[in-house]
Amino acid sequence: MNQVQNFSKGFIKENPILVMVLGACPALATTSSMINGLGMGLATTFVLLGSNTVVSLMKNLIPDKVRIPAFIVVIATFVTIVDLVMNAYVPSLYESLGIFIPLIVVNCIVLGRAEAFASKNTVWSSVVDGAGMGLGFTAALGVLGAIREILGSGAIGGFKFISGDGILVFILAPGAFIALGYMIAIVKKINKA
Amino acid sequence: MAKIQSSLKNMVLSLTLISVGASAALGFVYEMTKGPIELTALNKKLDAIKQVVPEFTNNPNDDMFMLPTGEGDSLEVYPARSGEEVVGYAVRSYTNNGFSGYISFMVGFLPDGTIYNISVLEHKETPGLGTKMVPEGTPEKPEFKDQFKGKHPADFPLKVRKDGGPVDAITAATISSRAFCEGVQRAYNTFEKGGMK
């Protein structure tokens with residue numbers, strides 16, 4: 001597999017949320033607006049890039065029997081870094097994402113890529129894989145957030161284009177499930193074609 | 001380089017190394033972000049205070065004191081002064097009876113006890129319903145909390161219409177509106193009992 005394919009597989013073919021349905025918890029909970037979705041996606045991308053790089057650099061130094069605790073320590077370190085940096089420099093985004101920033105530690109996408117890809121491949125491939133998967137996740141969250149924001153509050157990126165309220169259900173959790181369901185169906189159709 | 005064996009020595013060594021590396025990285029980032037994080041928290045508090053009391057010249061955060069609520073805890077009170085004269089007090093109040101639990105407020109009083117303005121600091125209310133307690137209205141299009149401005153709790157009972165009071169509750173969010181009133185009432189009770197009035 002060349003690096004271009006390695007990068008682009010994260011967007012449609014092996015999209016972590018739309019095809020593998022990993023990391024659905026933050027995807028449903030934080031996408032009440034496009035900005036929140038993108039912020040969550042980028043935070044996850046940073047953690048993925050960091051953990052994929054470190055894990056693949058150290059893959060020969062980590063004995064098999066303790067690889068999961070070792071991966072988790074590496075991932076938790078990057079998540080705490082993201083948590084502190086976001087708290088310091090983008091406080092309003094940090095507040096709206098709330099508990100879901102520390103919860104990136106238990107996001108299956110991050111551990112999944114460390115275990116399934118970074119621990120078996122070269123550093124460069126792992127960086128490309130992390131970037132592709134992370135940005136694919138970010139794109140999916142951005143689109144999901146945009147759909148929910150347009151339908152739910154009649155706004156996009158914080159700018160209202162209709163006066164009055166939108167369809168309330170799309171701001172709440174059920175709307176996230178409905179919109180995500182349609183997105184998964186569309187991606188499935190594309191992948192089959 | 002070949003992969004190292006899963007012997008006890010190797011496992012202990014590798015986990016120790018990773019943990020030491022991780023703590024070093026975290027210590028460094030913590031030191032770097034400590035200042036900005038404290039500054040953000042302080043600015044957020046000062047912004048809320050600025051919103052709820054008339055213009056002041058002192059730093060209310062330095063003059064903060066605690067007043068007991070009479071329910072076993074205390075509220076933070078931030079006096080706002082313009083020169084020597086006290087122009088208002090911001091009281092950090094709370095309620096646990098929101099639709100989704102805890103809500104905290106900054107309630108601003110003039111020295112005579114009249115409500116100047118109220119700001120919601122933290123809440124988890126339903127988007128589109130309970131969240132309507134947050135925005136600031138304009139004279140043409142008043143929002144929920146505007147009805148409290150300039151009212152004195154002594155002759156404006158903090159109760160929604162359903163409970164026989166004068167407060168117009170947010171449509172479909174009576175519980176949030178009730179909780180809002182309770183939080184403001186707690187601030188006022190504390191303020192009054194503290195002999196500030």
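Which residues does Ile75(A) touch, not counting residues up to four places away in sequence? In this predicted model, Ile75(A) touches Val47(A), Ser51(A), Val105(A), Val110(A), Leu111(A) and Ala114(A), where two residues are in contact if their C-beta atoms, placed from the backbone, lie within 7 Å. Residues are numbered from 1 along each chain as its sequence is written, and chains are lettered from A in the order in which they are written. Because the model is predicted, local features need pLDDT of at least 70 and side-chain atom pairs count only at pLDDT 80 or more, while totals for chains, interfaces and linings use all residues.

Ile75(A) also belongs to the largest nonpolar core, which has 47 residues. Val47(A), Val74(A) and Val82(A) join Ile75(A) as the residues with the most contacts inside this core. A nonpolar core here is a set of buried Ala, Val, Leu, Ile, Met, Phe, Trp, Tyr and Cys residues joined through C-beta atoms within 7 Å; buried residues have 20 or more other C-beta atoms within 10 Å of their own. At least two residues of the core come from each of several helices of chain A, including α3 (34-57), α4 (67-89), α6 (108-118) and α7 (123-153). Helices are DSSP runs (H or I, at least four residues), numbered from the N terminus. The largest share, 10 residues, is supplied by α4(A). Apart from this core lies another, of 35 residues, with Tyr89(B), Ile118(B), Phe144(B) and Leu158(B) among them.

Next come two helix pairs. The axes of α3(A) and α7(A) lie 8 Å apart, at an angle of about 165 degrees; axes are lines fitted to C-alpha atoms over the stretch in contact, with angles from 0 to 180 degrees between N-to-C directions. This angle makes α3(A) roughly antiparallel to α7(A), a term for angles over 145 degrees. Their contact has 16 nonpolar, 14 polar and 2 charged residues. In this count, Ala, Val, Leu, Ile, Met, Phe, Trp, Tyr, Cys and Pro are nonpolar, Asp, Glu, Lys and Arg charged, and the others, Gly among them, polar.

For α6(A) and α7(A), the axes come within 11 Å and cross at roughly 150 degrees, and the two helices are therefore roughly antiparallel. On the α6(A) side, the contact is made by Ile109(A), Arg113(A), Phe117(A) and Ala118(A). Their partners on α7(A) are Ser126(A), Asp129(A), Gly130(A), Met133(A) and Phe137(A).

Finally, the two chains meet in a contact that takes 25 residues from chain A and 23 residues from chain B. On the chain B side, 14 are nonpolar, 8 polar and 1 charged.

Definitions and conventions: Buried ≥ 20, exposed ≤ 12 C-beta atoms within 10 Å, placed from the backbone. Parallel < 35°, antiparallel > 145°, perpendicular 65-115°, else oblique.
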